[in-house]
Amino acid sequence: MTARTGGRDCTYCPEPGADTCVRTQQDEAGSRHIYAHRKCADERGVIPLYVFTDEPKPIRR
Ligand SMILES: [Zn+2]
C-alpha cells in the first residue's frame, strides 16, 4: 500500500507525507522545494507557498 501523498519529507519533523510547500531554494543546480506538513508550518507561523490537495477536483462542464 502506498501513501497517496508519497515521498515528500517534512522539513520540520521526521514524518513523511508533507502536504505543503513552505519555500523554494535556488542554487546552481536549480531550485529545490522545501516541504512541510500544514500543521508543522502552522505551529511555526510559516505561511505555505502552496498546498497539495489529495482530493481530485471534479471537472465540470
Ligand atoms: Zn511535519
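Is T11 buried, exposed or partly exposed, and how many other C-beta atoms lie within 10 Å? T11 is partly exposed, because 17 other C-beta atoms lie within 10 Å, and the cut-offs are 20 or more for buried, 12 or fewer for exposed, and in between for partly exposed, with C-beta atoms placed from the backbone.

## About the model

This is a predicted model, in which local features need pLDDT of at least 70 and side-chain atom pairs count only at pLDDT 80 or more, while totals for chains, interfaces and linings use all residues. Residues are numbered from 1 along each chain as its sequence is written.

## Helix and strands

The protein chain has 1 helix and 3 strands. Both are DSSP runs, numbered from the N terminus: helices are H or I with at least four residues, and strands are E with at least two. Starting at the N terminus, the order is β-β-α-β.

## The sheet

The 3 strands form an open sheet. Their order is β2-β1-β3, and the pairing is antiparallel. Two strands count as paired if DSSP finds at least two bridges between them. Strands of a sheet pair through backbone hydrogen bonds, either parallel or antiparallel.

Strand β1 covers residues 20–27. β1 and β2 are joined by 7 antiparallel bridges. One of the pairs is Q26 with S31 of β2. β1 and β2 also form a hairpin, with 2 residues between them. β1 and β3 pair over 2 bridges, again antiparallel. Here T20 has V51 of β3 as its bridge partner.

## The core and V22

Buried residues account for 13% of the 61 residues in the protein chain. The largest nonpolar core holds 6 residues: C10, A18, V22, Y35, A36 and A41. Such a core is a set of buried Ala, Val, Leu, Ile, Met, Phe, Trp, Tyr and Cys residues joined through C-beta atoms within 7 Å.

Leave aside neighbours within four places in sequence. V22 is then in contact (C-beta atoms, placed from the backbone, within 7 Å) with T11, I34, Y35, A36, A41, V46, P48 and L49.

## Back to T11

T11 sits in the segment before β1. Beyond four places in sequence, T11 is in contact with V22, I34, Y35 and A36. T11 and V22 are 11 residues apart along the chain. Their C-alpha atoms are separated by 9.0 Å.

How values were computed:
Two residues are in contact if their C-beta atoms, placed from the backbone, lie within 7 Å.
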